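Q: I am new to this structure and would like to be walked through it. Could we begin with the terms and then turn to the details?

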Amino acid sequence: IPVTTRSLVVLEVASELVSRRRSEWPYPQAKVSLRNQGDEDWKVCFFGSDTPGAIDAVAGGEVQVAIINPAEPLNLAVRGTGPYKEPIPLRIITVIPSFDQLGFAVTEKTGLTSLAQIRERRFPLKVSLRGQKDHSLHFMVRHVLSAYDITFEDIVSWGGEVRFDPGLPDEGSNRLGAVKRGEIDAIFDEAINVWLNQGLDLGMRFLELEEPYLQKLEKMGYHRAPITKAEFPRIGQDIMSIDFS
């Protein structure tokens, strides 16, 4: 088999595997390295990532081309805001369109109607977050809470709990099950199209980010994105959040 054909076969096998359902193949993330046949060093690396770590990997030369989901952390990196002390020289080749919002849901029994009340009441919130600790979700949630002068450590010190649970809180997930069992009273996550209605069924409400805090986040490089009644009729009114796309 010619060298180029062998390479294409390897890529095709990888493509087939990562597109399978998680129950069939548990490794959906890919990193592809290329080199001249027989070279000691791999010259080019492509990385499909869901973590801001891809930014440092490209900037440091470990990876030449990376996809990151969502794109929002890139905005902070090129501006030199948030955790980036100076602008990082990156270039965007293309954007793959998607539409997603970040959702902050709490159970109605908490009585919370805003994120600001968590600090005001030093509320012992029991919150479920995505189990993958380097996921972009945590990067963004920490910044949103920081705009409200809240940290995960604060929540724990007030008698609450911050859990890192596997997977999305989609239908049948243990995360929604934990809400139903009363083990947790908040879920902070993205991809709300797969869990918003189920959360409402369990007596959860989605909290809006208020204008002063949205402006803080926009100065960092984030973009506001409404969770709309047109898209989710059961929420009753539009809820302003930030973009996760």
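A: A residue counts as buried under 20% relative accessible area, as exposed over 50%, and as partly exposed in between, using a 1.4 Å probe and protein chains only. This is a predicted model, in which local features need pLDDT of at least 70 and side-chain atom pairs count only at pLDDT 80 or more, while totals for chains, interfaces and linings use all residues. Residues are numbered from 1 along each chain as its sequence is written, and side-chain values use heavy atoms, with hydrogens and water left out.

Q: How many aromatic pairs are there?
A: The count is five aromatic pairs. Rings of Phe, Tyr and Trp (its six-membered ring) pair if their centres lie within 6.5 Å; planes under 30 degrees apart are stacked, over 60 edge-to-face, and the rest tilted. One of the pairs is formed by Trp 25 and Tyr 27, which are edge-to-face, with 5.3 Å centre to centre and 85° between the planes.

Q: Is Tyr 27 buried or exposed?
A: Tyr 27 counts as exposed because its relative accessibility is 55%. Trp 25 has a relative accessible area of 30%, so Trp 25 is partly exposed.

Q: And what kind of pair do Tyr 148 and Tyr 213 form?
A: Tyr 148 and Tyr 213 are stacked, at 3.8 Å centre to centre with 15° between the planes. The pair links distant parts of the chain, 65 residues apart: Tyr 148 is in the loop between helix H5 (136-147) and helix H6 (152-157), and Tyr 213 is in helix H9 (residues 211-220). Helices (H or I, at least four residues) and strands (E, at least two) are DSSP runs, numbered from the N terminus.

Q: Which category does each of those two fall into, Tyr 148 and Tyr 213?
A: Tyr 148 counts as buried because its relative accessibility is 5%. Tyr 213 is at 23%, and therefore counts as partly exposed.

Q: Where is the cis peptide bond?
A: The bond from Asn 69 to Pro 70 is cis, with omega near -5°. Pro 70 is found in the loop between strand S3 (65-68) and helix H3 (72-79).

Q: Changing topic, in what order do the strands of the open sheet come?
A: The order is S6-S5-S7-S4-S8, five strands with mixed pairing. Two strands pair if DSSP finds at least two bridges between them. At the edges are strand S6 (161-165) and strand S8 (204-206), each pairing on one side only.

Q: How many bridges join S5 to S6?
A: Five bridges join strand S5 (residues 126-130) to S6, and the two run parallel. Within S5 and S6, Ser 128 stands opposite Arg 163.

Q: Which ring does Lys 31 lie over?
A: Lys 31 lies over the face of Phe 47, at 4.9 Å from the ring centre. Arg 35 lies over the face of Trp 42, at 4.0 Å from the ring centre. A charge sits over a ring if NZ of Lys or CZ of Arg is within 6 Å of the ring centre and within 35 degrees of the ring normal.
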